[in-house]
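Take a walk through this model, one site after another. Keep the sequence and the coordinates open as you read.

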Amino acid sequence: MAQPDSKKIFFENLSGAGKAIAVLTSGGDAQGMNAAVRAVVRMGLYVGAKVYFIHEGYQGMVDGGENIEEASWESVSSMLQVGGTVIGSARCKEFRTHEGRLKAAHNLVQRGITNLCVIGGDGSLTGANLFREEWSGLLAELVDQGLIEADAIQKYSALHIVGMVGSIDNDFCGTDMTIGTDSALHRIIEVVDAIMTTAQSHQRTFVLEVMGRHCGYLALVSALACGADWVLIPEMPPEDGWEDKMCQKLSANRAGMKRLNIIIVAEGAIDRSNMPITTDYIKNLVVKCLGFDTRVTILGHVQRGGTPSAFDRILASRMGVEAVLALLETTANTPACVVSLCGNQSVRLPLMECVQMTQEVQKAMDEKRFEEAVKLRGRSFENNLKTYKLLAHRKPESELPTSNFNVAVLNVGAPAAGMNAAVRSAVRVGISEGHKMFAVSDGFEGLWKGQIKEIKWADVGGWTGQGGSLLGTKRTLPAKHIDKIAEQMRKHNINALLIVGGFEALLSLLELLTARGKYDEFCVPMVMVPATVSNNVPGSDLSIGADTALNAITTTCDRIKQSASGTKRRVFIIETMGGYCGYLASVGGLAAGADAAYIYEEPFDIRDLQANVEHLTEKMKTSIQRGLVLRNENCNDNYTTDFIYQLYSEEGRGVFDCRKNVLGHMQQGGAPSPFDRNFGTKISAKAMQWVTKKLTETFRQGRVFANSEDSCCLLGMRRRALVFQPVVQLKDETDFVHRIPKEQWWLKLRPLMKILAKYKTSYDVSDAGQLEHVVRNRPKESDASVAM
């Protein structure tokens, strides 16, 4: 929503001049912490504040000296892609004492620091809040001891705290995702995918233990992402007698020709008596009861290591900038807050409300109120658990409802990683709801040719981790063969369509909607789930496949930049996919630390190119050794990748040399990321439940007849919610010539990339988070926990 211009150019309103901000990382490390530190430092410097590193967490604050170091722009270069935390983290017993906090206050006042950005878990953030509450008393003590002047009490009267949650466990209430969680899921899924190949070879059962302390999020989401046979989490211990049920499930899966079993155990898994369930106990149980060859793998600190994922870099960068904005806007009466993510939107929440609810979860578990513990974890966690149960445990035929409806699933458009997870989810949810599910090969081309067959529960086993489209997909639109498609719909008595695809899928639905006037066969519920690496589908902020493509771009950019280490100064020009949509170039540029990203949505001319070259030349002379420039494939007909490469080469002569890379179809390939697997699984399950509802509503006099606008929808993510939108209403939001939405949320992230690359620009703070309160149960439609 547009705001007055005075709100948009934030550095005129929110100057940091005269302010000092310190950033520290505390507690366990998490991938993405460095991206957050980088964003805080650069945003702080950008608004004119002094910024300090506090090395080794609270220990460094207590010890002072060289542990508190002024940061410069260059001091955070080349840290975006580094895992862990380069400023160090330590657990500090001394800070828990009054004397320790007194020393810390003295060290901060000496440097004029009254703004703290703390990146850590609930313990670190609770400690920061206590420090804030004691601040005025600590200063009075320092005056009494003669360590500071009396006027310091007035000058440094309030300590302002903003927290960012850095924890792989995702155990902090109030936020959908904490910094590091997505990267930890990447490590887990990499291991599970690797283990599956060896397990299949030997027909083995693997029991995997993942981290998470007393939170089962990593175990639950990785089980959902790999299609595990069984998962054990502390929030929802299995019912008494679970051992027999688990062994029956494993045995049934083997009888169904499955050559392996995967059991995932959270490290804090317990039974209904609050007794621990260990991996060795499960292994011995499987060997004793079933005689299966069983192995245990404990992932351990592998999950904390490695480079951060694209998601974590973007999340941390957004949160770091948001934290500085929050500190600039804070007053003496503002409570300490946490900046976090809800759906796709930044929010600010009172720190202690989040901490108290996080502690309530543990209390509920200790008191065996497990249903309540799941609810307190948030709607995201609750949805993950429901979806896992729905997809992993097949009901006996006698318990299934009999709907007598036939539902067809097809893929349309270019392949996107995560399509297969979406199809698996649709098929299994459909079968659970009593439908007969049909798979259509090769999109609408396969539909008019009659390439339709029934698909069973076991047929989609193992599909979650597969890249591309196992059903086959084509860009063919239905209009040309509409009569033959109607004939096949009639022949197979198809009562509903679920389409997984990109922009072509939207065009197809619009064509089928138009054909309803002539063919009753299309008067059935039809729904589309967006899946395209380009992320250019109107009506949805995110599409299945885009996260995998972003990770491919980010990883490749990291390697390309690394190839120049130790050589002379070099700039890389990288071309990304996306058609006319600049999402991959812009968000990939933010994740990879690009200096510029050229896109169609933001027109540029030769003067802009010249300014970028001069900017890079200046940076190269003073600090950085490597530059990165991204270009969307269709950003400009004349300023091609070759042209930009030649321009940079010529204008940078004597300062840097240039290389170019066209990433091409590697952005579409590979195994889907954990995000895309889970997004595909959950959004497709929701779409199939909508189909069931519509079939029930529109079944009259022995047949399905649905011809209203709201019976032909796209299910997309809008800010905080998953929303069903009639496709006819999306026409006004769509630029059909360039195949992009007229308004795109991610354009607001572009100034953020420019600021972090040291450009002077305006930044729209109208979308910045506002202080809200933690809500125990959000409204039902607000379950867009698509951040997973």
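Predicted model: local features only at pLDDT ≥ 70, side-chain atom pairs only at ≥ 80, totals over all residues.

Which residues in α16 meet which residues in α24? Ala421, Ala422, Ser425, Ala426, Val429 and Gly430 are the ones in α16. They meet Arg677, Gly680, Thr681, Ser684, Ala685, Met688 and Gln689 in α24. Contact here means heavy atoms within 4.5 Å. The residues of this contact divide into 6 nonpolar, 6 polar and 1 charged. In that scheme Ala, Val, Leu, Ile, Met, Phe, Trp, Tyr, Cys and Pro count as nonpolar, Asp, Glu, Lys and Arg as charged, and the others, Gly among them, as polar.

Residues are numbered from 1 along each chain as its sequence is written, and side-chain values use heavy atoms, with hydrogens and water left out.

Now the geometry of the pair. Helix α16 spans residues 419–432, and helix α24 spans residues 674–698. They pack at an angle of about 35 degrees, with their axes 7 Å apart. Axes are lines fitted to C-alpha atoms, for helices over the stretch in contact, and angles run from 0 to 180 degrees between N-to-C directions. Helices (H or I, at least four residues) and strands (E, at least two) are DSSP runs, numbered from the N terminus. The crossing of α16 past α24 is right-handed: the near helix is turned clockwise from the far one by less than a right angle.

Move to helix α12, residues 310–329. Its 20 residues reach 29 Å from first C-alpha to last, close to the 28 Å expected at 1.5 Å a residue. That expected span is 1.5 Å times one less than the number of residues. Of the 20 residues in α12, 19 are buried. Buried means under 20% relative accessible area, exposed over 50%, and partly exposed in between (1.4 Å probe, protein chains only).

Arginine 313 sits in α12. Why does arginine 313 count as buried? Because its relative accessibility is 1%. Its side chain reaches two backbone oxygens: that of proline 308 at 3.1 Å, and that of alanine 591 at 3.2 Å. Such a polar contact is a pair of N or O atoms within 3.5 Å; within protein, one must be able to donate a hydrogen and the other to accept it, and residues adjacent in sequence count only if both atoms are side-chain atoms. Leaving aside neighbours within four places in sequence, arginine 313 is in contact with residues including Ala35, Leu80, Thr554 and Asp558.

Leucine 752 lies in helix α25, residues 750–756. Leucine 752 is buried, at 2% relative accessible area. Leucine 752 and serine 317 are 435 residues apart in sequence, yet 8.4 Å apart in space, C-alpha to C-alpha.

Next, the loops. Threonine 532 is in the loop between β17 (526–530) and α20 (546–562). Threonine 532 is buried too, at 11%. Its side chain reaches the backbone nitrogen of serine 534 at 3.1 Å. Beyond four places in sequence, threonine 532 touches residues among them Ala416, Gly502 and Ile544.

Asparagine 493, in the loop between α18 (482–491) and β16 (496–501), has a positive phi near 50 degrees without being a glycine. Asparagine 493 is partly exposed, at 44%. Arginine 739 lies between β26 (734–735) and β27 (740–741). Its phi is positive, about 55 degrees. At 30% relative accessibility, arginine 739 counts as partly exposed.
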